[in-house]
Amino acid sequence: GEQLAVFRAQDGQAYVVDAYCPHLGASLAAGGRIVGSCIECPFHGWRFQGEDGKCVSIPYAEKVPNFARVRTWPSCEVNGMLLVWYHCEGVGPTWAVPEQREIATKEWVFRGQTEHFVDTHIQEIPENGADMAHLVFLHGPAILGGSDLRYTRSKLWDFMKHIWKAEWQAEPEPNEHCSQLLLQHTATIFGRHISLLDLTVSVRQVGPGLVFLIFEHAFLGHGVILQTVTPLEPLLQNVVHKIYYQKNIPAIIPKFILRAECIQFERDITIWNNKQYLPKPLLVREDSSIQKYRRWYAQFYSEKSTRLPVQEGLDW
């Protein structure tokens, strides 16, 4: 629900500020101009510093009031992304985003991205990693069957199966804002194990909306998919997957991995778009990691966090 203006100063530093000029409400993001380290309002030419949001110039005024400023947002530029820290009670950053060394050194290069809008509670998307049972049932059928759940179990593609083994755990201090998931993927064709399709994925979640999926394959090399979940509304999430892969591996390999991941992700989207978030789900003993995950994720909410509207029934 926030409107932001994002700009790069002439020295290359990126800044994030509130989009609306406090003078008369014009959007700095629509027609604003960069002057040094400031953004200039397109309406009356007021200039605001990116660093602290302070107004440093009003072309027609003798004096700039001390209180004239626009709100600034803490941000960092890492792994080819500009990430903004958001806390509904204004608390500053309590942890930093780790840099993926291979992206920084350009050993791994950008090979594409996907973007989806998902109608669901923000917690549902990363919680998937702790839900072991759905991996077998929803993601076991071959990707050849596509993402339309009416056809994924078609007899036509029954000769191929994906087998997943997963283990989720929270990280100890000082990285209690992180969690780890180890995924082992194997595949069978006509019941025979095909070692060429063996894949290890080390998944690290950092905070509520950033996930690193590191791929390791015996022949096809290494790379990472960066997943970001950005809440646009209480029940609307923007999910982006960017893949970086070894530059000496033909681009078709990471593009195939991204496509396969996309098919599996779209199976989840059909579930998410049509499900209800249950704060107190009915779980069995084998679902224990979901409960552990929810306890871990609870740290990202605070008293003023947006809550889902209470469903009062249809009496209205």
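Accessible areas here come from the Shrake-Rupley method with a 1.4 Å probe. On that basis, the protein chain exposes about 18,400 Å², and carbon and sulfur atoms supply 56% of it. Keep in mind that this is a predicted model.

**The chain overall**
- You're looking at 316 residues, and 41% of them count as buried.
- The fold is made of 5 helices and 16 strands.
- The C-alpha trace spans about 80 × 60 × 40 Å along its principal axes.
- Taking contacts in the chain with a separation of 6 or more, 50% come from residues 24 or more positions apart.

**The second largest pocket: size and centre**
- Its volume comes to about 980 Å³.
- There are 42 lining residues, and those nearest the centre are Trp164, Leu183, Phe215, Glu261 and Gln264.

**The second largest pocket: what builds the lining**
- On the helix side, α2 (124-127), α3 (132-139) and α4 (252-274) each put at least two residues into the lining.
- Among the strands, β10 (160-170), β11 (178-189), β13 (199-206) and β14 (210-217) each supply at least two as well.
- The top contributor is α4, which gives 9 residues to this pocket's lining.

- Sorted by class, the lining has 27 nonpolar residues, alongside 13 polar and 2 charged ones.

Technical notes
Residues numbered from 1 in each chain as written. Predicted model: local features only at pLDDT ≥ 70, side-chain atom pairs only at ≥ 80, totals over all residues. Heavy atoms only, no water. 1 Å grid on protein atoms, 1.4 Å probe; cavity = no way out; pocket = protein on both sides within 12 Å on 5 of 7 lines; lining within 4 Å. Points joined across faces, edges and corners; volume = space filled by probe spheres on them. Helix = DSSP H or I, 4+ residues; strand = E, 2+ residues; numbered from the N terminus. Nonpolar A, V, L, I, M, F, W, Y, C, P; charged D, E, K, R; others polar. Buried < 20%, exposed > 50% of the residue type's maximum accessible area, 1.4 Å probe, protein only. Contact = heavy atoms within 4.5 Å.
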